[in-house]
Structure formats: structure tokens, C-alpha cells
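This report concerns the model displayed below. Please keep the sequence and the structure in view while reading.

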Amino acid sequence: AGKATAGGIVAEVGEDTEFGHRIVVDHGNGYTTIYRYRTDPLVATGDSVSQGGTLYLIDDDDTRFGYQIIKDGIYIAPAEMMEIKG
């Protein structure tokens, strides 16, 4: 399942020319995350989502998806936000 990185409000659910569907979550702290995938979204604009909440289901045969983070209008590489523990 495609899950929300953090809690927030679904700001937009729409079509995406490259992936099929796009979900934008506003986290209310300057951060926005964008999720792109081909299956139908399980949320609607205005929905409240919690961290780990399911946004869409991922098919076993198609694991290609898009994920972006924006902070105050500037795109951030997701790897810069991850703490890697080994």
C-alpha cells in the first residue's frame, strides 16, 4: 500500500499524465508530499490522513510510483530527509 509519510490534509487528488493519479498531502508545517501511482486513490480532497494511512494500493506487478517532498515551495530530495540506520 502507498502510505502517508506524515499526518495532514489531502490538498488535492487528481490525474497525473506520467503515473495516472496524484495525491497531494499538506502537512501544515510548510511540508507537502506528493504521491503518484496508477491505481485509484483511496482518499479524497479534504480528507484527514494520519502517518502511515493508506492512500492507494500497490499492485504486485507494478511497483513504479512517484514521491516528492516540498518544503515552503522548494522541492527536497527524499533521501535528504531520511535517517539511515544500519
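Predicted model: local features only at pLDDT ≥ 70, side-chain atom pairs only at ≥ 80, totals over all residues.

## Strand β4 and its partners

Strand β4 covers residues 31–37, and because 6 of its 7 residues are buried, the strand is largely enclosed by the rest of the structure. Strand β3 (residues 20–26) pairs with β4 in the antiparallel sense over 6 bridges. Within this pairing, Asp-26 has Thr-32 of β4 as its bridge partner. The hairpin of β3 and β4 has 4 residues between the strands, and Gly-28 takes a positive phi near 75° there.

Strand β7 (residues 66–71) also runs antiparallel to β4, joined to it by 6 bridges. Here Tyr-35 has Tyr-67 of β7 as its bridge partner.

## Nonpolar core

The largest nonpolar core has 10 residues, among them Ala-4, Ile-23, Val-25, Tyr-35, Tyr-37, Leu-55 and Tyr-56. Two or more residues of this core come from each of β3, β4 and β6 (54–56). Beyond its neighbours within four places in sequence, Ala-4 is in contact with residues including Tyr-35, Val-49 and Leu-55.

## Aromatic pairs

The whole structure holds 2 aromatic pairs. Tyr-35 and Tyr-67 form a tilted pair, at 5.4 Å centre to centre with 50° between the planes. Since Tyr-35 lies in strand β4 and Tyr-67 in strand β7, this pair ties together parts 32 residues apart in sequence. Tyr-35 counts as buried at 3% relative accessibility, whereas Tyr-67, at 27%, counts as partly exposed.

The rings of Tyr-37 and Tyr-56 are stacked, because their planes lie at 15°, with centres 5.1 Å apart. This pair links Tyr-37 in strand β4 to Tyr-56 in strand β6, 19 residues apart. Tyr-37 and Tyr-56 are both buried.

Notes
Residues numbered from 1 in each chain as written. Heavy atoms only, no water. Buried < 20%, exposed > 50% of the residue type's maximum accessible area, 1.4 Å probe, protein only. Pairing = 2+ DSSP bridges. Core = buried A, V, L, I, M, F, W, Y, C linked by side-chain atoms within 4.5 Å. Contact = heavy atoms within 4.5 Å. Phe/Tyr/Trp six-rings, centres within 6.5 Å; stacked < 30°, edge-to-face > 60°.
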